[in-house]
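Here is a friendly walk through one protein chain.

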Amino acid sequence: MKTLLIGINSKYIHPALSIYQLAYNTTYPVTIKEFTIKDSIEKISNYIIDEKPDLVGFSVYIWNINIVKEIIKIIKNKNVKILLGGPEVSFNESDYILNNNVDFVINNEGEESFHLLLDALHKNTSLLDVPNLVYKNNDIIKTKTILPNLDNIKLATTNVLDYKNRIVYLESSRGCPYRCSYCVASTSNKVRMFPLEYILDILKTIMTDQVKTVKFLDRTFNANPTYLTTILDFIEENNISTTFQFEIVVDRLTQDMLDKIKNYKKSTLRFEIGIQSTNDLVNKSIRRNQDMNKVKENILYLNTIPNIELHVDLIAGLPFETKDSFKNSFNETFSLFSKELQLGFLKFLKGTHLMSLIDEHEYIYDSNPPYEIIQNKYLTKEDLEEIHMVEETLEKFYNLGIFKNYWNYFKNNQLKDYYQFFLDLYNYSISKDFSFLKYQVIDLFILLDSFNQEYFSNIYSKLHELLLIDYYTFFKTKPKLWGSSTLTKEEKQLIYPYIVSKVMNYTVEDLYRYALVFSLEKELLVVIYKDFKCTHFIIEK
């Protein structure tokens, strides 16, 4: 019997870890093949047909469910049994079996179930003893639901093809202690931990291999403080160059934990923090209990630590969140100045408590993946379209991270309404026929500079200088000139010796070969591009 597992990823760097997990936890031979959503349905289908498997399995998510459905239509008549698993099929299994020509669905965690299914198919024995399985035998049959003992589950993190050049996914736990209405993780409130020594062994391999990024899949990494501190201490002790990402509940970090994190010097850590809303009524309605004062206090503290990057999330469209309430949530969250602010839109995921709130809050949402909100009783379709405009400019003019000095100015001279800033910038870009789909970095600077000239005329000169610094320090080699002319030949002869007297590690010859120098109002901006590195200095005239 030949078994084939197919992963269809959103991008190459995001591996289909789930199919590696299934293959690693069975003694039966399994062939793994990964594609991305950019690969054609014909290409994927032809590969499956050419392989002639007896059983083909797909891990199904919101980004690939429609592709999988089309592939099933093509391959179903090729004498192959079809298995589905993953969050997109774990809460309406019968529909897929009855309406999509699927033979088996594994819901929940699948490692033990997959092995037992293969065992039953190989030996032609009953499927009733295969847990978490749904199949058709005259009637739809659902077997018992279990959660496997994690002591018996092997992690396939380093089995992934070309894993050193992709984002590495790692779990130290499964389940979530919280019950957020919109989240699939809320369906499993029991948190179970993998053996700590096993996790540390995998971490040591990953760090030795110097992979670029590791993302922990734990829904709440600080649910177990012992695991949190032990793993972070181990990373600090052994890390060479890897960045680690964790989802944390920030208001549950104690001062001792914060101080401990502040003392880490070697490790680059990225914390993903779901704020979702700053409105207590909204949070209560979705079963989130968070101390907003503590959230803000801890984020501001973490922002002072150089090797910590914070990515915070908001969700537009939650119950009771009007446009004014959302604007307030946005402005409060943005004013914390984390490295990134992801503005997401409420999605209606199967199995979540949110599905039971649709009528109460008059939700209308897209029936196609990713099942995004269209409107509710608090936000019109037009309101949400406006928030999408804000999100688009936020991504380009803040989250890209290329306007650091510019935003540092506003960090110290705060705007009253950041939401309105991004909305005005969007409308301004439309008036200038700016394309968000096709742009170069220089285009963003030109647009923002022009916007500043119109909307911040009283401080335009200062903002222009900050954009100059941001632009010329963004590149590793000399970029296309923008915003200011460089020094004339005569000015260089006068000024270069002065610069060298202030910057001892460079010669006048270095400046001629590698530098761009700009005269600001009170200072000189010196940018040196050498060995594909950019170094800059601000020198008083």
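In which strand is the place of V312? This is a predicted model, and in it V312 sits in strand β14, which covers residues 308-316.

## One residue on the inside

V312 counts as buried because its relative accessibility is 1%, and buried means under 20%. Leaving aside its neighbours within four places in sequence, V312 is in contact with I273, I275, I299, T333, S338, E340, L341 and Q342. Y439 is another residue to look for: 127 residues separate V312 from Y439 in sequence, and their C-alpha atoms are 26 Å apart in space.

## The whole chain

Along the principal axes, the C-alpha atoms fill a box of roughly 90 × 50 × 50 Å. For 541 residues, a compact globule would have a radius of gyration near 24 Å, and the 27 Å of this chain agrees with that.

Of the 541 residues, 51% are buried. The accessible surface comes to about 25,600 Å², and carbon and sulfur atoms hold 48% of that surface. Charged side chains are part of the picture too: there are 62 positive and 69 negative ones, and the centres of the two sets lie 3 Å apart.

How do parts of the sequence meet in the fold? Among contacts with a separation of 6 or more, 68% are between residues 24 or more positions apart.

The largest nonpolar core has 161 residues, and F58, L84, L203, F330 and W407 have the most contacts inside it. Helix α14, residues 418-431, gives the largest share of this core, with 8 residues. A second, separate core has 13 residues, including L487, Y514, L524 and V526.

T31, found in strand β2 (residues 31-36), touches K2, T3, L4, L5 and Y47. P195 lies in the loop between β10 (192-193) and α6 (196-208), and P195 touches L150, D151 and Y227. K81 belongs to strand β4, residues 81-85, and touches D54, L55, V56, D103 and F104.

Why does T31 count as partly exposed? Its relative accessible area is 27%, and partly exposed lies between the buried limit of 20% and the exposed limit of 50%. P195 counts as partly exposed at 28% relative accessibility, and K81 is partly exposed with a relative accessible area of 39%.

| Pair | Apart in sequence | C-alpha to C-alpha |
|---|---|---|
| T31 and K476 | 445 residues | 43 Å |
| P195 and L150 | 45 residues | 7.7 Å |
| K81 and T3 | 78 residues | 9.6 Å |

One of these pairs is also a contact: L150 is among the residues that P195 touches.

Most residues other than glycine have a negative phi, and most peptide bonds are trans. With that in mind, here are some places to look at in the backbone.

R287 has a positive phi of about 65° although it is not a glycine. R287 is found in the loop between α9 (280-285) and α10 (292-302). With a relative accessible area of 25%, R287 is partly exposed.

E362 is a residue other than glycine with a positive phi, near 55°. The place of E362 is in the loop between β15 (340-345) and β16. At 49% relative accessibility, E362 counts as partly exposed, because exposed means over 50%.

Which two residues are joined by a cis peptide bond? They are P369 and P370, with omega at about 10°. P370 is found in the loop between β16 (364-365) and β17 (373-375).

Notes:
Residues numbered from 1 in each chain as written. Predicted model: local features only at pLDDT ≥ 70, side-chain atom pairs only at ≥ 80, totals over all residues. Heavy atoms only, no water. Rg over C-alpha atoms; globule rule 2.2 N^0.38 Å. Buried < 20%, exposed > 50% of the residue type's maximum accessible area, 1.4 Å probe, protein only. Contact = heavy atoms within 4.5 Å. Areas by Shrake-Rupley, 256 points an atom, 1.4 Å probe, with all protein chains shown as cover. Lys, Arg positive; Asp, Glu negative; His and termini not counted. Charge placed at Lys NZ, Arg CZ, Asp CG, Glu CD. Core = buried A, V, L, I, M, F, W, Y, C linked by side-chain atoms within 4.5 Å. Helix = DSSP H or I, 4+ residues; strand = E, 2+ residues; numbered from the N terminus.
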